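Please read them with the coordinates open.

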Amino acid sequence: MQPGEQRDEVEMLSLMLLIRRFEERASQQYQAQKIGGFCHLYIGQEAVVTGALAAVRDDDYVITAYRDHAHALARGTSADACMAELFGKETGCSRGLGGSMHFFDRKNHMYGGHAIVGAHVPLAVGMAFAIKYRDEDRVTLCFFGDGAINQGSFHEALNLAALYKLPIVFICENNLFAMGTSVKRSTSLKQIIDRAEGYDIPGEIVDGMNFREVRDKVAEIVDSIRKEAHPAFLEVRTYRYRGHSMSDPASYRTKQELEKYRLDDPITRLRAQLTREGKLTNEQFDMLDKRAKETVLAAVKFAEKSPQMPVEEVYDYVYFNGAKE
Amino acid sequence: MREITYRQALNEALAEELERDPNVFLMGEEVAEYHGAYKVSQGLLERFGPRRIIDTPISENGFAGLGIGAAMVGLRPIIEFMTFSFSLVAFDQVVNNAPNMFLMSGGQFNIPITFRGPNGPAHQLAATHSHATENFYASVPGLKVCAPATPRDAKGLLKTAVRDDNPVLVLEAELLYSSKGMVEPPDEELLIPLGKADVKREGSDVSVICYAQTVPLALKVAAQLEEEDISAEIVDLRSIKPLDEKTIFDSVAKTHRVVIVEQDHPFCGVGAEICYRIQKNIFDALDAPILRVSQEDVPMPYNERLEKSVLPNADKLFAAVKQVCYA
Ligand SMILES: Cc1ncc(C[n+]2csc(CCOP(=O)(O)OP(=O)(O)O)c2C)c(N)n1
């Protein structure tokens with residue numbers, strides 16, 4: 001996207017559908033044991049990453065934690081490359097070496113996929129430092145969960161970003177739980193946003209189930225950062241519908257709570273907004289959904305028939321010895 | 001004796017030590033209400049209450065340090081790392097504070113603390129979640145490190161660790177949590193000393209030295225070797241530091257051939273140290289160079305086939321044994 005341009009909302013809805021259908025399919029393929037290791041799904045949180053990325057340029061930097069499939073898809077990594085990564089195939093975005101928690105895509109400015117809680121927040125600050133160092137007008141978007149805000153690395157990173165006035169938006173995807181621990185049981189503050197105040201970083205709370213609100217808020221902040229570099233913090237309130245990972249039955253929360261959020265579904269919401277405004281018909285929506293499902297099915301096929309990296313080749317990935325052609 | 005899982009054995013050890021000593025408490029991520037990410041602390045919150053079974057935020061450096069501080073003033077913390085891969089976030093506390101305090105304070109502050117949790121590769125958890133940390137920690141003066149392979153050893157070593165007046169790391173293994181074995185009944189006190197290896201299988205042709213996840217591997221290979229008329233003695237270290245040299249040397253004196261199978265990396269791995277000690281002390285007993293089977297010197301890939309290829313496995317161990325036996 002070029003400066004001043006607005007992403008088409010129907011396209012963004014279509015992206016949200018792609019993410020949802022991708023995750024549903026990933027869940028099914030995990031159960032069929034085509035996918036191994038840990039697998040964390042993003043279902044319910046789609047408006048956060050799509051909203052935020054609708055407000056930035058393609059050359060801005062994006063980094064997140066391990067619940068990362070959606071961030072790669074939203075950054076433009078193909079469903080094929082994402083699914084192939086889950087299958088551990090050489091055609092995956094990290095060549096099958098990283099897996100679900102470690103999606104990387106340099107070309108699309110997706111800097112991971114990081115599985116140690118809190119560890120990527122300083123990296124994001126480093127990327128923002130490089131932007132300022134080179135006197136560019138990019139921004140870094142750093143996504144993380146509510147669980148990350150109690151790690152030392154998070155605190156150190158926020159202080160550094162504020163101290164050096166770096167162009168970064170810290171986006172806390174507050175889905176109320178870190179595994180089975182609710183924010184109430186992990187954090188001494190009444191609200192997460194107050195963490196930002198402690199470092200003199202401007203912050204706001206955003207409704208993460210509302211695509212437009214996320215997009216507009218991020219757009220406003222990014223606009224300000226591009227004029228004069230500074231950090232900002234958003235606490236985006238959202239909800240994950242599934243368990244923490246595929247093995248978590250999520251018995252620490254009630255059915256009623258889940259239902260409450262499902263009724264506020266981000267896809268349903270944007271769809272309703274667009275329909276009300278006459279920008280989307282039911283037929284069009286069904287078509288988008290059908291297309292998303294087909295893309296994901298094709299991705300599964302692609303992943304299935306893709307090759308695995310030959311065993312000897314993994315040794316080429318220990319040290320970098322100059323670019324391979 | 002009755003058959004229980006490794007997980008249950010650890011759970012019993014925790015419960016018995018919590019029962020015995022009111023200064024013992026268990027702290028870590030998801031240990032209380034969730035009963036542990038791997039359910040090792042099942043039922044403990046209900047039995048001992050939230051004063052002693054304590055959930056933490058994701059703050060490894062913080063709660064590891066909290067444990068050390070509490071130990072300085074008389075408590076006996078058990079700190080659970082959800083996995084030892086995450087202990088790296090607390091490396092400063094575990095390596096710089098816990099083991100140094102005693103010497104640094106001129107002997108005023110010993111640190112009776114237990115750090116425990118699963119260690120080593122599990123299955124397709126990729127590079128950040130597959131660390132085998134035993135060689136990092138064993139290289140630090142002042143730390144004790146054990147890595148039990150059976151339910152009985154897990155229970156006995158964990159109980160001993162909690163009673164030890166120094167920092168002890170109990171490196172469990174995710175892939176062993178559901179494995180079963182015979183253990184003394186709960187009313188019989190089971191303490192297994194640190195620094196005592198256990199010959200898990202007697203043999204005469206070759207000593208296979210192993211620990212933790214490599215013990216079942218070695219036992220499996222020993223059965224295969226039997227068919228080739230090679231009699232392997234399986235020496236389970238159980239504790240890496242202190243190291244039971246006597247049991248190792250006795251075995252080597254008998255078999256004259258050694259393969260070490262470890263779950264860490266080859267460079268500066270646990271096996272390198274054992275190798276050094278064997279050649280230094282009983283060089284003349286050796287009939288062949290010592291071989292080591294370890295992980296390959298590669299960060300852990302996610303892909304299943306690649307993961308298998310960089311882990312120690314039965315084929316590699318089998319081949320190494322045949323090589324030292326010139327068979
Ligand atoms: C340093 C570290 N400690 C513990 C874990 C295990 N773990 C993985 S995810 C997670 C919960 C994180 O929750 P949150 O940050 O809120 O993100 P969400 O899962 O909600 O996306 C925990 C404890 C880890 N990966 N890294």
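**Notes on the predicted model**

1. G156(B) touches L190(B), L191(B) and I192(B), leaving aside residues up to four places away in sequence; contact here means heavy atoms within 4.5 Å. The C-alpha atoms of G156(B) and L190(B) are separated by 5.2 Å, although the two residues are 34 apart along the chain. G156(B) sits in helix α8 (residues 151-163) of chain B; helices (H or I, at least four residues) and strands (E, at least two) are DSSP runs numbered from the N terminus. G156(B) counts as buried because its relative accessibility is 0%. Buried means under 20% relative accessible area, exposed over 50%, and partly exposed in between (1.4 Å probe, protein chains only).

2. On conventions: this is a predicted model, in which local features need pLDDT of at least 70 and side-chain atom pairs count only at pLDDT 80 or more, while totals for chains, interfaces and linings use all residues. Residues are numbered from 1 along each chain as its sequence is written, chains are lettered from A and ligands numbered from 1 in the order in which they are written, and side-chain values use heavy atoms, with hydrogens and water left out.

3. Where does the ligand lie? The ligand is placed between chains A and B. It is surrounded by 22 residues, the closest being Y66(A), R67(A), G147(A), N175(A) and E60(B); a residue is near a molecule or strand if one of its heavy atoms lies within 4 Å of it. The shell residues divide into twelve nonpolar, six polar and four charged. In this division Ala, Val, Leu, Ile, Met, Phe, Trp, Tyr, Cys and Pro count as nonpolar, Asp, Glu, Lys and Arg as charged, and the others, Gly among them, as polar.

4. For F177(A) a polar backbone atom is 3.1 Å from a ligand oxygen, and for H244(A) a polar side-chain atom lies 3.5 Å from one. Of the 580 Å² of accessible area that the ligand has on its own, the protein covers 95%. Accessible areas come from the Shrake-Rupley method with a 1.4 Å probe; for residues, only the protein chains shown count as cover.

5. The largest nonpolar core has 64 residues, of which F22(A), M83(A) and L141(A) touch the most other members. Helix α1 (residues 9-31) of chain A gives the most to this core, with nine residues. Such a core is a set of buried Ala, Val, Leu, Ile, Met, Phe, Trp, Tyr and Cys residues joined through side-chain atoms within 4.5 Å. With residues up to four places away in sequence left out, M83(A) touches F22(A), R25(A), A26(A), V296(A), A299(A), V300(A) and A303(A). Apart from this core lies another, of 48 residues, including I79(B), F249(B), I260(B) and I282(B).

6. R75(A) belongs to helix α3 (residues 69-75) of chain A. R75(A) is classed as buried because its relative accessible area is 6%. A polar atom of the R75(A) side chain lies 3.0 Å from the backbone oxygen of D58(A). Contacts of R75(A), not counting residues up to four places away in sequence, include L53(A), V62(A), N108(A) and M110(A).

7. E277(A) is found in the loop between α11 (266-276) and α12 (282-305) of chain A. Its relative accessibility is 37%, so E277(A) counts as partly exposed. The side chains of E277(A) and K279(A) make a polar contact (3.0 Å). A polar contact is a pair of N or O atoms within 3.5 Å; within protein, one must be able to donate a hydrogen and the other to accept it, and residues adjacent in sequence count only if both atoms are side-chain atoms.

8. Backbone geometry to check: most residues other than glycine have a negative phi, and most peptide bonds are trans. A cis peptide bond joins G112(A) and G113(A), with omega about 25 degrees; G113(A) is in strand β2 (residues 110-113) of chain A. The bond from K241(B) to P242(B) is also cis, with omega near 0 degrees.

9. Which phi value does L176(A) have? Phi of L176(A) is near 75 degrees, a positive value in a residue other than glycine. E30(B), likewise not a glycine, has a positive phi near 65 degrees. E30(B) is in the loop between β2 (24-28) and α2 (44-48) of chain B, and is buried because its relative accessible area is 3%.
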